[in-house]
Amino acid sequence: MQAPCGEKRLRRALLSWYRTNTRDLPWRETRDPYAILVSEVLLQQTRVEQARGYYTRFLKAFPDLGTLARASEEEVLHVWAGAGYYRRARNLHRLAQTVAETGLPATAAELEELPGIGPYTAAAVASIAFGEPVAAVDGNVRRVLARLFTVEEPSIRWLQEKAERLLDRGDPGEWNQALMELGATVCTPKSPRCPTCPVARVCAGRDDAERYPAPRTRTQRAVEAVALGLRGRTGGFVLERRNGRALGGLWGFPLAEGEDALPLLLARYGLQSARFLGTVSHAFTHKRLTIHVHEAASNGPGEDPATRPMSVLDQKILALAAPENEVL
Ligand code: SF4
């Protein structure tokens, strides 16, 4: 059946563009499934330029599944620190402990059974590392397909079916990467470069690209919080091990949310008062924290924050609590 936008022309044009315009990225130089998995997990929520550094650092510390499986969770979080969305690192660690003996499975269906692996990551790893003909649909692919076929609100089912139909079964890994690359570098959310796009001739949305797909509304709660830069008797700071999905397993400054945050923290550490230092803000997917940082002295021991895995949020607090020229 003839495709509405000329599937053959689309495949030819996109693959030929990708082969000459592919960005030089370290994970494209390997077929090691573990390295590809690490890159895909990083790229879920980290920009390519940032992911590059974390990818190299992570693989240097944990070059294979066995090394990662034998590391402690704290060591893994230390290496991941700064990349954000720490649940990814905890899941990678659990995954390594599950398959260190057997190696990664080669199909998307089996990969999806592992901790932290969703349909996109499973399909990306299975197609790129193992050549399985499965379509990987991420945000970039969603945008490109919605524009190619002028669909304002593409359903997950429509996207998967369309992507499977377009898939180049000769080299599914290359095809998936080409489609993602187009979305990342040409068919961008704002100001897509339609005049120079390799598939413009078969794209139904090229004259009104930004209309597709319709924007998704995300609500972000504004939350007030207080953090304590509590200096220990012997130097350093009092740090707490964080719980919860976002930052669990990392370490940070005593922190509480809500109207009673300051009295609550003072009571927790038996303090009468604390001095206001300044404010930092930090955004998570669903909330934006405004953190009022205070300092006080503790009778207990402190520790050097550099020895603990800390999130970017706590690095911001640290920058206020310990000016750069100060030795902890
Ligand atoms: S022509 Fe424009 S809208 Fe269509 S795929 Fe290319 S960049 Fe995207």
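A residue is called buried when its relative accessible area is under 20%, exposed when that area is over 50%, and partly exposed in between, as computed with a 1.4 Å probe on protein chains only. At 53% relative accessibility, Ser 191 counts as exposed, whereas 51% of the 328 residues of the protein chain count as buried. The model is a predicted one, in which local features need pLDDT of at least 70 and side-chain atom pairs count only at pLDDT 80 or more, while totals for chains, interfaces and linings use all residues. Residues are numbered from 1 along each chain as its sequence is written, and side-chain values use heavy atoms, with hydrogens and water left out.

**Overall build**

- The secondary structure of the protein chain comes to 13 helices and six strands, where helices (H or I, at least four residues) and strands (E, at least two) are DSSP runs numbered from the N terminus.
- Along its principal axes, the C-alpha trace of the protein chain spans about 75 × 45 × 35 Å.

- Around the ligand stand Arg 147, Cys 187, Cys 194, Cys 197, Val 199, Ala 200, Cys 203, Arg 206 and Ala 209, a residue being near a molecule if one of its heavy atoms lies within 4 Å of it.
- This shell divides into seven nonpolar, no polar and two charged residues, on a scheme in which Ala, Val, Leu, Ile, Met, Phe, Trp, Tyr, Cys and Pro count as nonpolar, Asp, Glu, Lys and Arg as charged, and the others, Gly among them, as polar.
- The space taken by the ligand is the largest cavity, and a molecule is said to sit in a cavity or pocket if more than half of its atoms lie within 2 Å of its grid points.
- On a 1 Å grid over the protein atoms alone, a cavity is a set of points where a 1.4 Å probe fits but cannot get out, and a pocket is an open set with protein on both sides within 12 Å along at least five of seven lines; lining residues have an atom within 4 Å of a point.
- One cavity of 30 Å³ or more is found in a search of the whole structure, and about 110 Å³ of space lies in the largest cavity, the volume being the space filled by probe spheres set on the points, with grid points joined across faces, edges and corners.
- The lining of the largest cavity comprises 15 residues, of which Cys 187, Cys 194, Cys 197, Val 199 and Cys 203 lie nearest its centre, and its largest share, three residues, comes from helix 9.
- By class, the lining of the largest cavity divides into 12 nonpolar, no polar and three charged residues.

**Cysteines**

- Cys 194 is buried because its relative accessible area is 19%, and Cys 203 likewise counts as buried, at 11%.
- A search of the whole structure finds zero disulfides, a disulfide being taken as a pair of cysteine sulfur atoms within 2.5 Å.

**The second largest pocket**

- The second largest pocket has a volume of about 290 Å³, and of the 14 residues that line it, Arg 242, Asn 243, Leu 247, Leu 255 and Glu 257 lie nearest its centre.
- Strand 2 (240-241), strand 4 (255-257) and strand 6 (287-297) are the elements that give two or more residues to the lining of this pocket.
- The lining of the second largest pocket divides into six nonpolar, two polar and six charged residues.

**Backbone features and loops**

- Most residues other than glycine have a negative phi, and most peptide bonds are trans.
- Tyr 85, in the loop between helix 5 (73-80) and helix 6 (87-99), has a positive phi near 45° and is partly exposed, with a relative accessible area of 38%.
- Ser 191, in the loop between helix 11 and strand 1, also has a positive phi, of about 45°, although it is not a glycine.
- A cis peptide bond with omega of about -15° joins Tyr 212 and Pro 213, and Pro 213 lies in the loop between helix 11 (172-185) and strand 1 (221-231).
- Pro 154, in the loop between helix 9 (139-148) and helix 10 (156-166), is buried at 9% relative accessible area, and its C-alpha atom is separated by 9.0 Å from that of Ala 214, 60 residues apart along the chain.
- Leu 167, in the loop between helix 10 and helix 11, is buried with a relative accessible area of 3%, and its C-alpha atom is separated by 40 Å from that of Gly 249, 82 residues apart along the chain.
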